[in-house]
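Biologist: I'm new to this one and would like to learn how to read it. Could you put it on the screen and walk me through it?

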Amino acid sequence: MWGVSAALGRAVFTGKLPLSSVALRPIDPLILSQTRTTFSLLVLLLLLVSTQGWQRIKLPARDLAHCFLLGTLGVAVSNYFYYVAIQKTSVATAIIVQYTAPVWVLFYVVARGQQKLSLQKVIAVALAVTGITLVIGIVGRSTGGQSLHLDSYGIVAALLASFSFAFYNVSGHRILTRYDRWRVLFWTLAAAAAFWLVVNPPWKILAAHYAPAQWLFLFVFSMISVLGAFSLYFLGLQHLEPTRAIIASCLEPVFSIVLAALLLGEVLRPIQTAGIVFVLAAIVIVQRPGNAAAGEDSVVMEPIE
C-alpha cells in the first residue's frame, strides 16, 4: 500500500489523476502530508477508544513528550519532504534516496558503540552510496547525448526525508519496547497533526478552496497510506520474524517504481536501474544480522510513509 500511495501522490502532483472535469487547484505536498496525518488520527482515535476506552491511548507525560518529537521531527518532516521529492523528481528517485535511511541508522549505532563495524556493514554502506550516486545522476550524467536532469531541491528534500526517517526509527525504538505499536502510532500522529495546525492553520486550508472530489481523494489516500498499510504490516509481524518482515517491507521501492513506470510512464535509465539494485542490496545487507554480530541489537527499520 505504501507503493500505491507513492504512485497516487505523483499522479496527483502531475495531473495524471484527474479529480474533476474542470481545472482544479493542485494539491500541495504540505496539504497532502497534513490531511493524511489528521484524517488517520481521527479514524484511529475512534477505533481505539470505541473498542477499549480512553485507557487504550493513555501515556505518561514523559512519553508524550517523546512522541511529540517522533511526530514532528520524524513523521511530519519525513512525510512532507518525501512528497516534495516525489513532486519535484520522480517516485523512483524519491523513494530510493529515502530508503538510504538504514545506512544513516547504521552510522549512528556504530558511532554510539551499539554495534561493531564489520565487513558486511562496510559493503552495505558502499553499495548504498554508489547506488544513490547513480540514481540521482552524479555519475553518468549524460547518456546517449541526452543529459540527465534532476531537480536539486527535490534531491535535497529526499535526503532530508531519509534523515528524518532514520531519526524516527532510532528514537522510536525505545518507546516501542514499552508500549504497543498502535498507542505509539496514535500519539505520533497526534503530535504531527498538532504541528501541522501551527504551521498551516485551518483557515489557510479553507482558503485553498479544494473541491469535494479532492477532499475525498485526501481521505481515501490517508486511509490507504497510513491505517491500511500499518494494519497489514502489523499483521505480517504477527506471522513473521521481525527481521524477515522488515526485509519484506523493503520490496516497497520495487513496487513503487514498477507502478510509477506502468501507470505514470516514468522511465528509468539503465544507470538509474543499476543504482536502485545497489541500494536495495544495501538495505537487505544492513537488515540481515551477521554471524559476528550475534547478540547485537539489529538496525530496526519500519516504514512510516
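Biologist: Let me start with contacts: what share of those with a separation of 6 or more in the protein chain comes from residues 24 or more positions apart?

Modeller: A contact means heavy atoms within 4.5 Å. In the protein chain, 87% of the contacts with a separation of 6 or more are between residues 24 or more positions apart. Before we go on, this is a predicted model, so local features need pLDDT of at least 70 and side-chain atom pairs count only at pLDDT 80 or more, while totals for chains, interfaces and linings use all residues. Residues are numbered from 1 along each chain as its sequence is written, and side-chain values use heavy atoms, leaving out hydrogens and water.

Biologist: How many helices and strands does the protein chain have?

Modeller: Helices (H or I, at least four residues) and strands (E, at least two) are DSSP runs, numbered from the N terminus. The protein chain has 13 helices and 2 strands.

Biologist: And what percentage of the residues count as buried?

Modeller: Buried is under 20% relative accessible area, exposed is over 50%, and partly exposed is in between (1.4 Å probe, protein chains only). Of the 305 residues in the protein chain, 50% count as buried. Helix 5 (residues 101–111) gives you examples: Ala101, Pro102, Val103, Val105, Leu106 and Val109 are buried there.

Biologist: Which residues touch the most other members of the largest nonpolar core?

Modeller: In soluble globular proteins, nonpolar side chains tend to be buried together. A nonpolar core here is a set of buried Ala, Val, Leu, Ile, Met, Phe, Trp, Tyr and Cys residues joined through side-chain atoms within 4.5 Å. The largest one has 65 residues, and Leu32, Tyr82 and Ile86 touch the most other members. Helix 3 supplies its largest share, 10 residues. Another core, of 10 residues, lies apart from it, with Ala101, Leu106, Phe165 and Ala166 among them.

Biologist: Now charges. How many salt bridges are there?

Modeller: A salt bridge is a side-chain nitrogen of Lys or Arg within 4 Å of a carboxyl oxygen of Asp or Glu. The count by that rule is 2. One joins Arg178 to Asp63, at 2.5 Å from N to O. Arg178 sits in the loop between helix 7 (152–176) and helix 8 (181–199) and Asp63 in helix 3 (residues 61–88), so the pair ties together parts 115 residues apart in sequence. Arg178 is partly exposed at 46% relative accessible area, whereas Asp63 is buried at 8%.

Biologist: What about the salt bridge of Asp180 and Arg183: what is its N to O distance?

Modeller: That one is 3.7 Å. Asp180 is partly exposed at 30%, and Arg183 is buried at 17%.

Biologist: Last topic, rings. How many aromatic pairs does the structure hold?

Modeller: A pair of aromatic rings is described by the distance of the centres and the angle of the planes. Rings of Phe, Tyr and Trp (its six-membered ring) pair if their centres lie within 6.5 Å; planes under 30 degrees apart are stacked, over 60 edge-to-face, and the rest tilted. The structure holds 11 such pairs. Phe39 and Phe219 make an edge-to-face pair, 5.6 Å centre to centre with 70° between the planes. Phe39 is in helix 2 (residues 29–52) and Phe219 in helix 10 (residues 212–239), so the pair links parts of the chain 180 residues apart. Tyr210 and Trp215 are also edge-to-face, at 6.0 Å and 85°.

Biologist: Which aromatic cluster do these residues form?

Modeller: Phe39, Tyr210, Trp215 and Phe219 form one aromatic cluster.
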